[in-house]
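I am opening my notebook to look up a few things in this structure, one topic at a time.

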Amino acid sequence: MKKQQGMTFLGLVILIAVGVFFAVLAMKLTPSYIEYFAVKKAIARIAHDPAFPSMSKADMITAFQKSATIDDIRNVETKDLAFLRDENGKTVLSVDYQVVVPLFSNISVLLDFEASTDNAR
């Protein structure tokens, strides 16, 4: 006699539960990553502007706000923008922000994001 091979019903239920968990995790985290890539694109757009070296803080804020409106960026505000000078005296625009994504019950995921014009050039 041959021994039966295959998955038991309990094994199938566990496999489906794990698959559903990872699918829910992906569905909840994907919008935050899409927004992060939009923020990086907005920062890169500002960095590649020919007038960037001579832009004032107000000009950079206005340019970022326009990009944020177009790309529907909601988690980054103008107060999150940091304006620095690197060792060569060049202006660097950077943003560092966190997003808390509730998963279920009292379990959440904290995502840290960072983008900079220094990396965009």
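The entries below cover the ground rules, a helix, the core and the salt bridges.

**Ground rules.** I note that this is a predicted model, in which local features need pLDDT of at least 70 and side-chain atom pairs count only at pLDDT 80 or more, while totals for chains, interfaces and linings use all residues. Residues are numbered from 1 along each chain as its sequence is written, and side-chain values use heavy atoms, with hydrogens and water left out.

**Helix α1.** I take helices (H or I, at least four residues) and strands (E, at least two) as DSSP runs, numbered from the N terminus. The expected span of a helix is 1.5 Å times one less than its number of residues, so the 39 residues of α1 should span 57 Å, and this agrees with the 56 Å between its end C-alpha atoms. I also looked for a bend, meaning the angle between axes fitted to the seven residues ending at a residue and the seven starting there, and found a kink of about 30° at L29, shortly before the proline P31.

Buried means under 20% relative accessible area, exposed over 50%, and partly exposed in between (1.4 Å probe, protein chains only). This core has 23 residues, and those with the most contacts inside it are V39, F64, V95 and Y97. At least two residues each come from α1 (9–47), α2 (57–71), β2 (91–104) and β3 (107–116), and α1 gives the most, with seven. V39 is also among the buried residues of α1. Taking contact as heavy atoms within 4.5 Å, and leaving aside neighbours within four places in sequence, I find that Y97 touches residues including V39, V76, L111 and F113.

**Salt bridges.** I count a salt bridge where a side-chain nitrogen of Lys or Arg is within 4 Å of a carboxyl oxygen of Asp or Glu, and the count comes to four. D71 pairs with K41 at 3.7 Å, N to O; because D71 lies in helix α2 and K41 in helix α1, this pair ties together parts that are 30 residues apart in sequence. D71 also forms a salt bridge with R45, with the closest N and O atoms 3.8 Å apart. K41 is partly exposed at 44% relative accessible area, and R45 counts as partly exposed at 40%.

Definitions and conventions
Core = buried A, V, L, I, M, F, W, Y, C linked by side-chain atoms within 4.5 Å.
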